[in-house]
Amino acid sequence: MANARDEILEWAQQGHIPPEHMRSALEKSGALPDESQWRTFFDKVLLSMGAVLLGAGVIFFFAYNWQDLGRFAKFALVQAPILAGLAVVWKLGIDGAPGKAALITITLLVGALLALVGQTYQTGADTFELFAVWALAILPWTLAARFPALWLIWLALVNVAIGLYFNTTGRMLGMAFRPDKLMWVLFGFNTIALAVWEGLAAAGVTWLRERWAMRVMAVASGYLATSLAMHDILDSPRGFPGGLIAWFAWMVVSFCVYRYVVKDLFVLAGGLLSLILVVVTAILKETRFDSAAVFLVIGLIVIGISAAGGWWLKQVASEEESA
């Protein structure tokens, strides 16, 4: 559908299709989704939003009415939707959209239930333990559901648990854990998760081939690699440039994988953005802001890299369409 749309738009730019006939050409080529496809799309979007909002609504309701609700009412308010969600999954199955939406709601409510237990009985557990136990509790149905969105929630919980763990232990041990140590750990975790996901998708696990999920993980991994490089430039000018080396390795590997193996323009564009950020940070570090010409030069560099990157991405897209 995307190729047909691109070809028609290109013909229109060349003047082969008059503007008044554009919609007719798109409809006849199948480039525009029909009524049933729009209905299916909105069904899934609204179902997913409803599942998330239902879980969030229960959490905010009993949080707002915390003082007015008794202990048993609070537990009933959280446990009843969990049991209802489990009944939906049991009745409709785990492979359909309603079952997966129910699992998302249950996942959110399990976290609320664990927080409620901690607040009610004052277990003394640290916050990172809540998120770690939360991730552990939802792992069984995350494994069984074969649902990318649920895996992303699980990865997000582990990321939060790791961050809170370093925050807590860093305060206890002073300088033992510096901020860049946390970025290193999160970078390693998210990069390994991305590599495993891509590897399993390439090996034939079809439900892992949804590109949007891999792009979310690529953004997380690339953001952390870029942050490590910028940290090295700004805060560790005389130390071992481990962050810069890791960022350079990430850029080379990402270019090879997403240019020649998987071919993902979104990730390649993200790599270009990372390159611009690191280059500008290095220039700013060595520049004295004593004239307007400095800002002009930096602006020209950003425009130059962006224009060259845009031209290159267009060439890559053209090669993929002609392949």
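Two residues are in contact here when they have heavy atoms within 4.5 Å of each other. Keep that in mind as we walk through this predicted model, where local features need pLDDT of at least 70, side-chain atom pairs count only at pLDDT 80 or more, and totals for chains, interfaces and linings use all residues. Residues are numbered from 1 along each chain as its sequence is written, and side-chain values use heavy atoms, with hydrogens and water left out.

Ile233 is buried, with a relative accessible area of 13%. The word buried means under 20% relative accessible area, exposed means over 50%, and partly exposed lies in between, using a 1.4 Å probe and protein chains only. Apart from neighbours within four places in sequence, Ile233 is in contact with Leu244, Val278, Thr281, Ala282 and Lys285. Thr226 also lies in helix 9 and is buried, at 6% relative accessible area. With neighbours within four places again set aside, the contacts of Thr226 are Trp247, Ser274, Leu277 and Val278.

Side chains of opposite charge can pair when their charged atoms come close. A salt bridge is counted when a side-chain nitrogen of Lys or Arg is within 4 Å of a carboxyl oxygen of Asp or Glu, and the whole structure has 4 of them. In one, Arg211 pairs with Asp264, with the closest N and O atoms 2.8 Å apart. Because Arg211 lies in helix 9 and Asp264 in the loop between helix 10 (242–261) and helix 11 (265–286), this pair ties together parts that are 53 residues apart in sequence. Asp264 counts as buried, at 1% relative accessibility. Salt bridges that share partners join Glu198, Arg211, Arg215 and Asp264 into one network.

Elsewhere, Arg146 and Asp95 form a salt bridge of 3.1 Å, N to O. Arg146 sits in the loop between helix 6 (127–145) and helix 7 (148–173), and Asp95 in the loop between helix 4 and helix 5, so the pair ties together parts 51 residues apart in sequence. Arg146 is partly exposed at 43%, whereas Asp95 counts as exposed at 52%.

Now for the rings. Rings of Phe, Tyr and Trp (its six-membered ring) pair if their centres lie within 6.5 Å; planes under 30 degrees apart count as stacked, over 60 as edge-to-face and the rest as tilted. The whole structure has 11 such aromatic pairs. The rings of Phe41 and Phe42 have centres 5.3 Å apart and planes at 70 degrees, so they are edge-to-face. Ring pairs link Trp38, Phe41 and Phe42 into a cluster. Trp38 lies in helix 3 (residues 35–64) and is partly exposed, at 41%.

In the model, residues 72–90 are 100% helix and 0% strand, with end C-alpha atoms 26 Å apart. Residues 266–284 are likewise 100% helix and 0% strand, and their end C-alpha atoms lie 27 Å apart.

Technical notes:
Helices (H or I, at least four residues) and strands (E, at least two) are DSSP runs, numbered from the N terminus.
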